[in-house]
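Hi,

Here's the structure I said I'd pass on. Have a look at it before you read the rest.

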Amino acid sequence: MPERPGPGEPSRDLPAEIMTQLCANLDALARREMRVATELLMDTGRRPQEICALPLDCLARDSDGSPVLVYENYKQNRLARRLPVAEATAQVIIAQQQRVRDRFPGQPVSRLALLPTTRANRDGAKPIPLSSLDKAHREWVDSLPVLRTGDGREFDKARVIPYAYRHTYAQRHADAGVAPDVLRELMDHAVLDATRLYYRVGEKRRRAAVDRLASLHFDRHGNRIWATAQALLDSEYARRAVGEVSVPFGTCREPSNVAAAGHSCPFRFRCVGCDHFCTDASYLPDLTAYLDDLLRTRERLTAALAAAPGHDGTDGGIDRWAAADAMPSQEEITRLRALISRVTAGLDGLTTAERTEIDEAVAAVRRHRTVMLGMPRTPPPSRLPDLPHRSAVGQERPA
């Protein structure tokens, strides 16, 4: 059966220039509660229903005095969640709190809503309904002048909905370089996969990451290629995308393997012994883990062959031909060690600033690398080590 089509990249966020135009027209929101709700949606990235249901005492302070929004995550039943917010956002909340207290002076704070509705709400405990926010927001957006992107194209106003601010919040933090695990906490997601649905790595950031790693490409001998590479042109990106395919520890330019999307290697994925193979610094954790796996496999097979002889010409419960075929070759281990040493040496020769840029580029590339082809001889390691700054390459570690 054919595979189900995978989801496209997230695209529900609003471009920065559209957000600028929206913020410049907030005064057009006549009702104060609707304006405050919209501002909080933009600033905090919370779900619309979470903003509507905020209690009056939703603002707290950390021990250092920094403002914190206290809200309820009703979707996942996670109560009393705390989100750090900017002081400007805190001032919006404080001003709204004062308006509510002036409107309902005799009610206890614990019963009041931050955004009370104007209908059938004598005690101030009833918040604005989500449907009212949606309606007021739609009327406001439709009343605005034409929204235009940075290149002058008209932006579809139908995309400007309250929930789009949550995607925009995630994308804004991702573009600022916030780590995925931190962004997951800010979005209050239980799993990281849910957070990844809210943002994408922009094309400019992808190209910047590729450009940073361009000077750290190595062939199978550990020799640098593209050592003096300049920023790649669009045509060069396209050529590379067509003429290369991902393999476990780099890319392959063998035509038949490229045509088969990486699933028809004529040399059984002996990448480090193939002239069609090249790698870069982002694959160093994979190369190191594969070397460890080869050493462990060799130790296990050596121990099996050293065991008591079995029946029918076998040693240790395995035929000699099977053990010989599964035994990692010393040539592959030697070549792999040399390649890792050359890549590591290339990293060690960088300045601190250059190393920081390379680390950021490696993180961006590895975070969004989706192709991982398994080796036909040994299973891929379940966990990969972090990219080392200086590793003791070539030392055998016990299994």
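This is a predicted model: local features need pLDDT of at least 70, side-chain atom pairs count only at pLDDT 80 or more; totals for chains, interfaces and linings use all residues.

Residues are numbered from 1 along each chain as its sequence is written, and side-chain values use heavy atoms, with hydrogens and water left out.

Start with helix 2 (residues 32-44) and helix 4 (residues 87-103), whose axes lie 10 Å apart at an angle of about 155°. That makes helix 2 roughly antiparallel to helix 4 (the word is used for angles over 145 degrees). Helices here are DSSP runs of H or I with at least four residues, strands are E runs with at least two, and both are numbered from the N terminus. Axes are lines fitted to C-alpha atoms, for helices over the stretch in contact, and angles run from 0 to 180 degrees between N-to-C directions.

Next, the hairpin. Strand 2 (residues 67-73) and strand 3 (residues 78-84) run antiparallel and are joined by five bridges (strands pair if DSSP finds at least two bridges between them). V70 has R82 as its bridge partner in strand 3. Four residues sit between the strands, and N77 takes a positive phi near 55°.

Last, helix 6 (residues 164-175) and helix 7 (residues 180-187) cross at roughly 155°, their axes coming within 10 Å. Helix 6 and helix 7 are therefore roughly antiparallel to each other too.

Cheers

Terms used
Angles under 35 degrees count as roughly parallel, over 145 as roughly antiparallel, 65 to 115 as roughly perpendicular and the rest as oblique.
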